[in-house]
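User: I am new to this structure and would like a short tour. Could you take me through it step by step?

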Amino acid sequence: KEDENNQILQKNLLMVSELPSEKGWLSENIHLYQGFWYSTGVLNGLLILQQCFQAQPSDILLATYPKSGTTWLKALLFILTNRTCIDNSEKNPLMTTSPHELVSMLESYAAKNPMNPRPSNSLMHTHIPYTSLPESTKSSGCRIIYVYRDPKDVLVSCWHFVNKLKPNEIPQISLVEAFERFSRGVSPYGPYWDHVLGYWKASVEFPERVLLLRYEDMKRDPCFHIKRLAEFLGHPFTTEEEAGEGLVSKLVDFCSFEKLSNLEVNKKGSHSGFGFPVIENKIFFRQGQVGDSKNHLAREMIDHLDQITEEKFKEFHLIN
Ligand code: A3P
């Protein structure tokens, strides 16, 4: 089995070596494939998925640009789709396991299991842009939920995250450098703007299949958007579940930043993830606020990013 895995890897690496590349934020190189930038490991996973991933109509795929609210949505969707109990007992898997372990990231899973790149759970996650998703995720009719967030907050969140994730021997990336690369689109799974637009267009064309949610809207009125989510998944809440202290508000409270980030498992636990044997669960929780980027970015940086966003998004009414 190891031989076969190696053969697949070698074939993919050969293909990757011919692509345009630049210095990565964390990895040595990132490569431009189908208009987006990936580290070598991620791209290997993506190529495997494109070659043989089979989606099922009942699958639910959470898609995000990194640092846009993946952890939050993984927790919400896990509870929604499993109708798991949301108490503080060990019967609730989120009490003992990181949302990242409960909901697998497809490209990471595929790189580890190239012969069988389908996780056992039908709720899955990916950062892959819409154009590069495996064909079966589109033809099977499976549901896709895409969450996006203000790019300034995404950049700042990503910069903090990468510097926490990086091994000690790799030098820190400065915020100025991260900003410069992010603005040019040279960021993990970037360009950010094309990533959002790909899913936005799909949600307009196939509203029954692709739902777009915005992090800032969810923070403002989580109950409303969670009800939308449940309806989209074909499991609307009952009137009782929606009322007062019913399931919806319990769900919102349990998955809030304050609650999740204070669980023992997310404060002290760890899991293995993309190429890293140990990722501390706590690095997925920082502030969970809207607009923290203004505390980090200079005025000109803010203006520059806003200008790109305005230009790229204006005809699509994606910004208020
Ligand atoms: P900040 O760095 O701005 O605090 P992802 O989960 O896609 O990696 O994104 C991480 C971002 O989401 C971080 O943003 C993190 O703090 C925030 N986050 C994590 N859990 C959250 C939750 N339950 N509710 C809201 N935001 C959350």
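Analyst: One term comes up at once: contact means heavy atoms within 4.5 Å. This is a predicted model, in which local features need pLDDT of at least 70 and side-chain atom pairs count only at pLDDT 80 or more, while totals for chains, interfaces and linings use all residues. Residues are numbered from 1 along each chain as its sequence is written, and side-chain values use heavy atoms, with hydrogens and water left out.

User: Which residues is Ser157 in contact with, leaving aside its neighbours within four places in sequence?

Analyst: They are Lys67, Arg149 and Arg286. Ser157 itself lies in helix H7, residues 151-165. Helices (H or I, at least four residues) and strands (E, at least two) are DSSP runs, numbered from the N terminus.

User: Does Ser157 count as buried or exposed?

Analyst: Ser157 counts as buried because its relative accessibility is 12%. Buried means under 20% relative accessible area, exposed over 50%, and partly exposed in between, with a 1.4 Å probe and protein chains only.

User: And how far is the C-alpha atom of Ser157 from that of Ser293?

Analyst: The two C-alpha atoms are separated by 8.1 Å, although the residues are 136 apart along the chain.

User: Let us turn to the whole chain. How many helices and strands are there?

Analyst: The protein chain has 16 helices and nine strands. Its radius of gyration is 19 Å, close to the 20 Å that the globule rule gives for 320 residues, so the chain is as compact as a globular protein of that length. That radius is taken over C-alpha atoms, and the rule is 2.2 Å times the number of residues to the power 0.38. Of the 320 residues, 54% count as buried.

User: What about strand E7, then: which residues are on its two sides?

Analyst: Val210, Leu212 and Arg214 are on one side and Leu211 and Leu213 on the other, and all are buried. E7 covers residues 210-214. Strand E6, residues 143-148, pairs with E7 in the parallel sense over five bridges, and Val147 has Leu213 as its bridge partner in E7. Two strands pair if DSSP finds at least two bridges between them.

User: In which sense do E8 and E9 pair?

Analyst: Strand E8 (residues 270-273) and strand E9 (residues 276-280) pair in the antiparallel sense over three bridges. Ser270 has Glu280 as its bridge partner in E9. The hairpin of E8 and E9 has two residues between the strands, and Gly275 takes a positive phi near 70° there.
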